[in-house]
Each structure stands twice: as structure tokens, then as C-alpha cells.
Number of protein chains: 2
Amino acid sequence: MTAPLDNITVLDLTHVLAGPFASMTMVDLGAKVIKVERPGAGDDTRAFPPFKNDKSAYFAALNHGKQSIALDLKAEQDRALFERLLARADVILENYRPGTMEKLGYGWDTLHARHPGLIYGAVSGFGHTGPDALRPAYDMVVQARGGVMSITGEKDREPVRVGASIGDIVAGMFMLQGVLAALYERERTGLGRKVDVGMLDGQLAILEHAVAITSVTGTPPGPTGARHPSITPFETFHASDGLFVIAAGNDVLFERLCDTLGLPLADDPRFATNPARCENARLLKRLIEAVTLDNTKAYWIETLEAAGVPTGPIQNVAEVMQDPQILARNMVVNVLDHAGQPAYTTAGCPIKLSGLEERPDRRPAPDLDGDRASILTWLEGGED
Amino acid sequence: MTAPLDNITVLDLTHVLAGPFASMTMVDLGAKVIKVERPGAGDDTRAFPPFKNDKSAYFAALNHGKQSIALDLKAEQDRALFERLLARADVILENYRPGTMEKLGYGWDTLHARHPGLIYGAVSGFGHTGPDALRPAYDMVVQARGGVMSITGEKDREPVRVGASIGDIVAGMFMLQGVLAALYERERTGLGRKVDVGMLDGQLAILEHAVAITSVTGTPPGPTGARHPSITPFETFHASDGLFVIAAGNDVLFERLCDTLGLPLADDPRFATNPARCENARLLKRLIEAVTLDNTKAYWIETLEAAGVPTGPIQNVAEVMQDPQILARNMVVNVLDHAGQPAYTTAGCPIKLSGLEERPDRRPAPDLDGDRASILTWLEGGED
């Protein structure tokens, strides 16, 4: 069985999250990823908690199936080796501050002249152009500056961070889209491209309704707690034993919801249309909860699902990792250790492809410089 | 100038957000996207607020540059036309409930047999397999069930929704990655693949540290307000005129921060390492704010940036859309109307490619069935 990126070699200079998340997906799609790390400590996330047997589970999850070689790109001998790797690579990925690769002599213009087919993916805080290109950034900075914090949290309370590091991850995903499109195009043109993604740009790109509202009304939306700002009812509700979610996204679903709850509201002018329901959202929530408080979350989720109303529990991450649907989709996988034994569990790949077997295990994450010998053998023309 | 997907034709049966977000990116990368809508109302989002000149700005943003044809896939004549389009398409996208395409006679097996090179991208609430495949879902349902709500918000308060619809958008982005990888592979094999992405799967896939922590400790993390759960200081701080962000992600940055604030804490055992700082995060926040409260956000952001400490404002969406860095990156673009005049502003494409000109304008979003004539001409072999 072949995978889409089976014949692709990636030279991966990225560290921490945005870049490694993208190259992890490339591993899942079949690519050979050679992680080039700085000698000594390697990727910062090797030191990130939590640890198991003195190794970072965080690093293991993001770097499973990659090979590692430690290279000092300022040292002559290591540069020679790096250049041999470059000559074999289809893709190079980096997340240095803009200009760093140029100082090393490996900027895009130089690489493109020497290796016209090489694709160059860069992810940085603010992108490689613009007045703030050189400023340092982390996920938290772009979540704040990029607007998502301003629409997340409760009204009249301090803004909160999105619990997932979407500043990094979304940027890594956009970069990978650019790299994959460039790989496709290269089949026709023979030429690579540079893909330059800024984390700040990526945040604005996912704000959809908030951008539309601001563009048309001039007034930016604020946070709305657990409610969708422009669909009602589309939020959390109290049952007798806690909160659950109802998402009745259109009039048909609202009518079904009313029928199921025994509430004669579908023809009530205060609630008959979505704009009216948004206008009267607080009243509607109380009328619905006056019914849902009478029974358990499990009862309502089962009853509403049977009626075809979108609903569901609010699960913590342990519950998600045991969710039967998640397990049936092979979305919890083992990362093996070098002895071939399961060492950690992590999220599977959500891209399910016909003709590609779902594997319950992932190859180990590399030790720092742990694949030097096999990479040298591969460069000599042998198998790795 | 060519774009990576210049020669690609996409038959896009998706509606609302996840699928249209993916096909919007394909437009930005050069593809011809033919949006197949149901006669009468078309895509639900044509009726989504906000409106300008009676047209939805939300629809316009997500569907700029696409063509529209209205087809009833149960009507014989429309099916014949649809099949002529299929024969010309490289990619088909759909986000129906699993089984719908099979009932129409256009399931993957049938299409793959007839058009071996066609790539089939599907995005659905729970994916096309597993016990819950047929259940309805919306963004809110998968944000809740998929775990991100459990780590977003304030401790001891009700969970909140992420303000951006990441349940939809992340799933659409994973689907596009699969489609692009399949397009690349098809150059070698001649064969398409089906790409099946479930929104629930996509949520687990972005939880990185939360999955690692749960996997190793057995205890799922909870929400931590505006703080990163395992890096300190990495949160919001009060200045004299409001909140701003400091993200000192390692010891070097923490030392710089202490120097800049005049705080002798870098060698203090309570704060010398990141684990110690996490342990004493509440105390550290107060010590830092005792200094930052003395001056304005603008002062601290400028001062800390000069010292190389990652920092930034918390911006609302109107402020983001005027941010000089965002504007310099062409991240706010105009969507034109059919008269060629700017009608809306929306987010630009964050995938910046060398050799591809950044355009300040986007072609209009289509009227429902507005491109029927030109699509027919194109099918006859003429230009569209």
C-alpha cells in the first residue's frame, strides 16, 4: 500500500509546535521527515512536560516517525552534510525569525537558485514582510493581537485564551496547504515556491463571522460566553446534573426541538425566526431550561438525538479519548518506543483516505541525533 | 503569472462553513470552483447576517471567486448536466450527511469506478464511519464533545465556546490537506482518493498538550483563563489602562523580562525555572503587575518589545483589521460586486507564495445560478 507522500523527503528545521505539527501530518501522509536539530538540547519541546520514562510525551506526540540529526549550521563539516541533505530534499521547513536562514547562507533566493525544485515552507510570528516581521511572537501573542481572544470568554469579564494553541496550529496547517499545493504544481512546472505564513495572519483568517460583522457594521463583536453570536439556540443548557449543548441551527431544527420539549414556541413571533430568537435569546434559554432542568443530560441527549436535533455532552479530554466514535475512527493511537512497545497515546490523523490502512501504532519519536548513521547510509545511496 | 491550482476544476457541493472555507482557499490558490447549489434558496449562508445591499457579507466572504449553478440532483435533466460537470472535474467536495451521495447514485465507489482520477473530499460532523456517523452536528456540538470547551474559559466558571468556529474551519482545513496530497499523488498514480474528515476528529487532533497531559497523568486539564497551562509567564497582565499580554516562553526571555521590569527574580528559586514559575504563577503575576500597573499598555508593549520580550495588545476585530502589520501583509482585501466595485472587506489568504502577486481585490461571490450560461459554454468547449 502506498501513501500520498511516499516519495517525498522533508528537511525539517522547525521546532516547538507550528512547524512540527505540519511535518507530523506529512509523516502521517507518508513522507520521510528528517528533523535537523541544534546539537546539545535539540527541539525545546524535548524539555516540555509531561514526561514518561524521562522523555517528553509532548515531543513524542508531535515528532513520531521522524528521523533526527543534530547539525550546527555554522560549522563547516555540518554545513557540508546539510547541503548533501538539501540536494536530496523535496521540501525544507523552518520557523526561525525572518532573516536567519539568509544569514546562514540558506535563504530562499540562494536555495531556489541552487535547487529550483525545492519547496520552502516558513512559519513565523508575523510573516517575512511588514513592519513587525522581526518581532518575536508566541501563540499567546497572536491569539491576543489577532482578535480571537476578544470574542472568546464571557461578556463583562476578562478575555480568555483558547485552550488549544490555535495560533501555532492554524498557521502550521496553512503552511502545509501551501507546501502541498506547491508540490502538486511542481509536477507541471518543475519549480518550487516559498510559502510564507505568519501566525498573526492565520488568526484573522479564521474569524469569519466576526470579520463580516465588523466589515459591515463597523462594530466589532465581543465575547458571548457559550453562545453562538448569530444563531439561536446554539449554546449550553442546564440539565438536572449539569450542562449540555443544543445546536438548533435552523427553523426546522428549532421546531423539532420545541416538539420534543413540549414547548409551543415555534409559531410564537418572539421565536419563529432566527433573528427573533437571537433578539430573545435570554428569555428562550430560560424557557428551555425550565424543561431541561427536569431530567438528566444523558436523557436529553438521547431524546433530542432521537428527534434529530444536534446535541451533545461537554466532554473533558479524558472523556474524549474514550469516546466510542473517536475510538472507532482510530483517533487515539499509540506512539511506540524504540523497543516497539506502546509508550504514549496521542491523537490520530483526522485525514482519512480511501485505500490507506488505519494503523493503531505510530513509529517512535527520534532520540536527538539518533538517526545520523541511517541518514548517512541513505545519502550514500543505501536504504535507510 | 500562474497559481498552483490554475488547471484544477472543483465541483463544490458543500454549504455553510467547513467545505466552503476549504474551497475558498482553493480559489485563492488558483482553482476554478463551481458551486452546485440547491434550486430556490441555495447555500444556507446566503441568508446569514450581516447583509449589505440585501446580500450576505458572510456568504460573499466565503464564496468570492466561485461560480454558481443551481441543480436538483434528483431531477433527470439536472443529473445529466451534473454528470457532464463530473467528467470535467478534478475534485468533488461535499458535506452531506453520510449516505446522501450514495442515495443520489454519486457515492465514492460509483464515482471512483466511473472517474478513476476524481478526488472526493467529504467533511461531516463525525466522519463516514463509526457508531455516530449519521448523527447531525454543528460547530458547537463538536467544540463541546471534542474537548476544546473543557480547557477554554475560567476555572470554576461555566465553559465557553471558542469565538471562532474552529469546529468547522479546522475540519475544512484538514480536508483540504488531504485533497491537495491526493492531487499530488494522482500525478504519479493517475488515481484519486476519497478524503473523509469528521469535525469531531479534527477537534481532538488540535488538543496537543491537553492530550499529552491526559495520556501521561490520566487527569484531564481544566480551563486556565488567559494563562497557558504549562508555560509561565504566558498570560494577560494589567497595565494602568487595561490588559496586555506577556509571553516569556523560556528562561532567557524571563530574565530579559525581569531586567526590563527591574524585578530581581531571575535567580529566585521560586521563579528560576519554568516548572517553578508554573508552581508560583499566581504570586509571579502579582509581582509583575505591581510594576506594570504603574504605566500604560502602550508603554509596556513598546518597552518590552525593545528588549525582545514577546508581548502585545489584546485587539478587537476592528483593531486587527487596521493593524499595520495585517495591512502590510494584504490580509484585508475587498470583495468586488458584479459591477467591479469594492462591496465588502474580508480576510485575505494567509498562504503567501513567492512569485504570486498579492491582489487587493477578490472577484465577486456568485448570484445563485448566476453562472449557468458560462458554465454551459465552458462544457461545450468554449472559454468561460
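Me: How many salt bridges does the rule find across the interface of chain A and chain B?
Reply: This is a predicted model, and side-chain atom pairs count only at pLDDT 80 or more. One of the bridges joins the side chains of Glu305(A) and Arg135(B), at 2.5 Å from N to O. Across the interface of chain A and chain B, the number found is ten.

Me: Which helix gives the largest share of the side of chain A that touches chain B?
Reply: The contact takes in 138 residues of chain A and 138 residues of chain B. On the chain A side, the largest share is 15 residues, and they come from helix α7 (residues 166-189).

Me: How much area do chain A and chain B bury between them?
Reply: Carbon and sulfur atoms hold 66% of the buried area. Between the two chains, 50 residue pairs are in polar contact. The area buried is about 11,800 Å².

Me: Why is strand β8 of chain B largely enclosed by the rest of the structure?
Reply: Strand β7 of chain B pairs with β8(B) in the parallel sense over five bridges, with Val123(B) opposite Val197(B). Strand β14 of chain A runs antiparallel to β8(B) and is joined to it by two bridges; there Lys352(A) stands opposite Asp196(B). Lys194(B), Asp196(B) and Gly198(B) on one side are buried, as are Val195(B) and Val197(B) on the other. The strand counts as largely enclosed because the buried residues number five of five.

Me: Which side chain of opposite charge is nearest to Glu289(B)?
Reply: Glu289(B) lies in helix α12 of chain B and is buried without a salt bridge. A salt bridge needs the atoms within 4 Å. At 4.2 Å, the nearest side chain of opposite charge is Lys285(B).

Note on methods: Residues numbered from 1 in each chain as written. Chains lettered and ligands numbered in written order. Predicted model: local features only at pLDDT ≥ 70, side-chain atom pairs only at ≥ 80, totals over all residues. Heavy atoms only, no water. Helix = DSSP H or I, 4+ residues; strand = E, 2+ residues; numbered from the N terminus. Buried < 20%, exposed > 50% of the residue type's maximum accessible area, 1.4 Å probe, protein only. Lys, Arg positive; Asp, Glu negative; His and termini not counted. Pairing = 2+ DSSP bridges. Contact = heavy atoms within 4.5 Å. Buried area = accessible area lost by both parts, 1.4 Å probe. Polar contact = N/O pair within 3.5 Å; in protein donor to acceptor, adjacent residues only side chain to side chain.
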